[in-house]
Amino acid sequence: MYFNDQTIAFLDGRWIKAKDATTGLYAQTLHYGNGVFEGIRAYDTPAGPHIFEAGAHFKRLRYSADKMHIRMHYTEEELTDLAYQLLAQNGLTDAYIRPLVFTGPNMSLTPPEASHLFMCAWRWGKLLGDNLVHVATSSFCRPHPKSCFIDAKVVGHYTNSILATTEAKRNGFDEALLLDANGYVSEGPGANFFVERNGILYTPPLGNILPGITRRNVLEICQQVGIQVRQQHFLPEDVYGADGAFFVGTAAEVTGLASLDGKKFRRAWKNTFGAAIQGMYKARVLQEETREAFI
Ligand code: PMP
């Protein structure tokens, strides 16, 4: 699914067949999770393939690497250029792009000298599918901002996400919603969260969440079209029986929720802010914004 015999990937300055890519087994990333990555989407726009927010994603990759004391040998411009080359090499237009900066061998708990860049791409539908999702509040809370850099995209942080999604699916739900250590709603395992109540959108403030690039775009869209948004803490109980709710993220795009903990949202999805924003976000990534935004 991620690659076939023809797929080309980038590894440490070389274009290679993905099937031939190899790495050592002593990397600190493999043993202790100290690596950083990004999830980026390219869209087939009227002007050709366009990598949405490439600059912001590669800036965050650099930020994540800096926080984890991992060296980055490429500038944001070089990385953007490589990502476009990657699409061209694989004949991809609509694609999910995954850069991973992983480390060299080091079994002690100090930053390793060496770091490596791997970048690959594949066609990927919406992370959570095209239907509304049934979500469960997780028994796992998000990592505490005092135990790690919650605003960095670090490989090891995603063990928390895997536990939360697996628990939700085992209990018959589609996805999890995680709380922060204080019991307030924070985000999904791989997406930020918004809820609509009485004509206002609410989303958790920065601090206990990954500051999503999609979240920022959604806030900009809301400002453009006059949807009021409050960035404030709230509880799962405040979400129950609300008008609507949705996840936002590069992989998830804008995905509506059917229910939280079995409690359905009041409005039909098509009558919520979420549905309108879903359309406007799609127009934005396809660079058709000016035509679509004011319909
Ligand atoms: N939160 C988490 C934990 C994530 O993994 C992601 C995906 N990167 C997001 C939120 C959404 O971030 P973005 O919109 O930048 O993809």
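So, where is the place of E53 in this protein? E53 is in the loop between strand 5 and helix 2 (54-67), where helices (H or I, at least four residues) and strands (E, at least two) are DSSP runs numbered from the N terminus. Its phi is near 55°, a positive value in a residue other than glycine.

Okay, a bit of housekeeping. This is a predicted model, in which local features need pLDDT of at least 70, side-chain atom pairs count only at pLDDT 80 or more, and totals for chains, interfaces and linings use all residues. Residues are numbered from 1 along each chain as its sequence is written, and side-chain values use heavy atoms, with hydrogens and water left out.

Now the overall picture. The protein has eight helices and 16 strands. Its radius of gyration is 19 Å, close to the 19 Å that the globule rule gives for 295 residues, so the protein is as compact as a globular protein of that length. That radius is taken over C-alpha atoms, and the rule is 2.2 Å times the number of residues to the power 0.38. Along the principal axes, the C-alpha atoms fill a box of roughly 55 × 45 × 30 Å.

How much is tucked away? Of the 295 residues, 51% count as buried; buried means under 20% relative accessible area, exposed over 50%, and partly exposed in between (1.4 Å probe, protein chains only). As for contacts (heavy atoms within 4.5 Å), among those between residues at least 6 apart in sequence, 70% join residues at least 24 apart.

Let's go to strand 4, residues 40-45. Five of its six residues are buried. Strand 4 pairs with strand 6 in the antiparallel sense over three bridges; two strands pair if DSSP finds at least two bridges between them. Here I40 stands opposite I97 in strand 6. Strand 4 also pairs with strand 5 (residues 48-51), again antiparallel, over four bridges. D44 has P49 in strand 5 as its bridge partner, and a hairpin joins strand 4 to strand 5 through two residues.

Next up, rings. How many aromatic pairs does a search of the whole structure find? It finds 12. Rings of Phe, Tyr and Trp (its six-membered ring) pair if their centres lie within 6.5 Å; planes under 30 degrees apart count as stacked, over 60 as edge-to-face and the rest as tilted. One of the pairs is Y2 with W122, edge-to-face at 4.8 Å centre to centre and 75° between the planes. Y2 lies in the segment before strand 1 (8-11) and W122 in strand 7 (residues 115-122), so this pair ties together parts that are 120 residues apart in sequence. Y2 is partly exposed, at 44% relative accessible area, while W122 is buried, at 8%.

W122 has another ring partner: Y96, tilted, 5.3 Å centre to centre with 50° between the planes. Put together, ring pairs link Y2, Y96, W122 and W124 into a cluster.

Last stop, a loop. D12 lies between strand 1 and strand 2 (14-17). Phi of D12 is near 45°, a positive value in a residue other than glycine, and D12 is partly exposed, with a relative accessible area of 36%. That's my tour, thanks!
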